[in-house]
Amino acid sequence: MEEFRKVGLATCTALVLANMIGTGVFTSLGFQVAVLSSPFLILMLWTLGGVVALCGAMSYAELAAALPRSGGEYHFLTKAYHPSVGFMGGFVSISVGFAAPIALAAMAFGKYFAAAVPGTPSGAVSMTVVLLLAAVHALTVKASGRFQLVITGMKITLIAVFIGIGFVKGFQSPADFTPRADFLREAVSGPFAVSLVFVLYSYSGWNAAAYIINEVRNPQETVPRALILATLGVTVLYVALNAVFLGSGPMRDFADRIEVGEIAARNLLGVRGGQIMSGLIAAGLVSAISAMTWAGPRVAQTVGQDFPALGFLARTSPGGVPRSALLLQ
């Protein structure tokens with residue numbers, strides 16, 4: 001596989017960034033605002049989520065350096081515990097671990113695209129984006145890497161522009177980001193713990209580069225760096241983005257609402273803001289779907305290499321792509 005190791009640090013980092021940044025950060029703030037009263041505490045919540053994700057990324061960095069092979073949890077569990085444990089993890093990844101999130105993200109993409117372009121059939125759009133991205137990733141490993149790098153760069157740029165607009169326009173609400181005297185009491189409360197679950201969901205995906213280790217140049221150095229750099233970058237983006245959300249209008253506007261990104265965009269950019277945010281989220285979802293479409297088949301490929309009965313999953317095209325595994329997904 002040495003000839004197919006054609007992706008470097010930038011592409012690996014883009015894969016992790018794309019896998020992490022999905023709908024969670026644009027939708028979960030409403031649940032936190034409903035039970036937590038302090039903007040400072042909410043930003044602390046997102047910072048804590050980043051710290052937890054970074055701990056996971058650093059753990060995977062060590063595993064990737066010590067056990068450099070594609071497959072993610074399947075490979076790590078096989079080597080660390082027992083092949084039967086690894087196979088169970090691999091079975092979950094192959095059957096639902098990637099296919100289900102891809103389907104859900106594609107459904108969300110269809111909804112957001114229809115909101116940005118009224119009259120568009122969301123179901124047809126959802127199916128089309130899955131098929132098109134699968135076709136792109138069926139070409140070559142190098143093509144997958146270039147495509148992922150470009151669309152992830154576009155997503156990060158759009159989010160950074162939105163954050164910049166929020167800070168340039170100034171905060172529209174009197175949100176107080178200083179800690180209150182009793183913030184520690186609220187920080188150890190049940191609502192804070194429940195809110196952390198939503199935040200950790202938003203950070204999920206920090207392990208993405210571990211699935212494609214065989215396709216990475218100098219993987220024992222590149223993969224750990226990509227995992228850590230991407231997780232740190234997402235933490236900064238998430239904290240800044242939520243600060244903009246909270247500063248765009250009164251907290252009560254967001255309570256128990258899912259479309260917090262749309263509400264914030266409307267507050268900052270007027271009537272067209274909601275449609276702009278819908279388009280932004282839709283664009284971001286393309287990157288996330290692409291990342292999972294690339295990473296998922298590598299688990300099936302590694303399983304196929306270890307189990308002769310599933311050997312057809314390990315077959316690769318001249319461009320290094322496990323097309324049978326991709327088709328199964």
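Reader: Which helix supplies the largest share of the lining of the largest cavity?
Author: Helix 14 does, with 3 residues, where a helix is a DSSP run of H or I with at least four residues, numbered from the N terminus. The model is predicted, so to speak of local features a pLDDT of at least 70 is needed and side-chain atom pairs count only at pLDDT 80 or more, while totals for chains, interfaces and linings use all residues. Residues are numbered from 1 along each chain as its sequence is written, and side-chain values use heavy atoms, with hydrogens and water left out.

Reader: How many cavities of 30 Å³ or more are there?
Author: The count comes to 1 cavity of 30 Å³ or more, a cavity being a set of points on a 1 Å grid over the protein atoms alone where a 1.4 Å probe fits but cannot get out. The largest cavity holds about 40 Å³ of space, a volume being the space filled by probe spheres set on the points, which are joined across faces, edges and corners.

Reader: And which residues line the largest cavity?
Author: Ser93, Ile94, Gly296, Pro297, Ala300, Ala325, Leu328 and Gln329 line the largest cavity, each having an atom within 4 Å of a point. Helix 6 (83–97), helix 14 (273–306) and helix 15 (323–328) each give at least two residues to this lining. By class, 5 of the lining residues are nonpolar, 3 are polar and none is charged; here Ala, Val, Leu, Ile, Met, Phe, Trp, Tyr, Cys and Pro count as nonpolar, Asp, Glu, Lys and Arg as charged, and the others, Gly among them, as polar.

Reader: Moving on to pockets, how much space lies in the largest pocket?
Author: About 810 Å³ of space lies in the largest pocket, a pocket being an open set with protein on both sides within 12 Å along at least five of seven lines. It is lined by 34 residues, of which Thr23, Pro101, Ala105, Tyr201 and Met292 are the closest to the centre of the pocket. Two or more lining residues come from each of helix 1 (9–20), helix 2 (24–27), helix 6, helix 7 (99–116), helix 11 (190–203) and helix 14.

Reader: Which of the helices gives the most there?
Author: Helix 7 gives the most to the lining of the largest pocket, with 8 residues, and the lining as a whole divides into 18 nonpolar, 13 polar and 3 charged residues.

Reader: What about the second largest pocket, what lines that?
Author: The second largest pocket, with about 170 Å³ of space, is lined by Ala99, Ile102, Ala103, Val130, Ala134, Thr293, Leu326, Leu327 and Gln329. Helix 7, helix 8 and helix 15 each supply at least two residues of this lining, and the largest share, 3 residues, comes from helix 7. The lining has 7 nonpolar, 2 polar and no charged residues.

Reader: Changing topic, is histidine 137 buried or exposed?
Author: Histidine 137 counts as buried because its relative accessibility is 0%, where buried means under 20% relative accessible area, exposed over 50% and partly exposed in between, with a 1.4 Å probe and protein chains only. Histidine 137 is in helix 8 (residues 122–137).

Reader: Which residues is it in contact with, leaving aside neighbours within four places in sequence?
Author: Histidine 137 is then in contact, meaning heavy atoms within 4.5 Å, with Ser144, Phe147, Gln148, Ser290, Thr293, Trp294, Val321 and Leu326.

Reader: Last one, where is asparagine 218?
Author: Asparagine 218 is in the loop between helix 11 and helix 12, where it has a positive phi near 50° in a residue other than glycine, and its relative accessible area of 43% makes it partly exposed.
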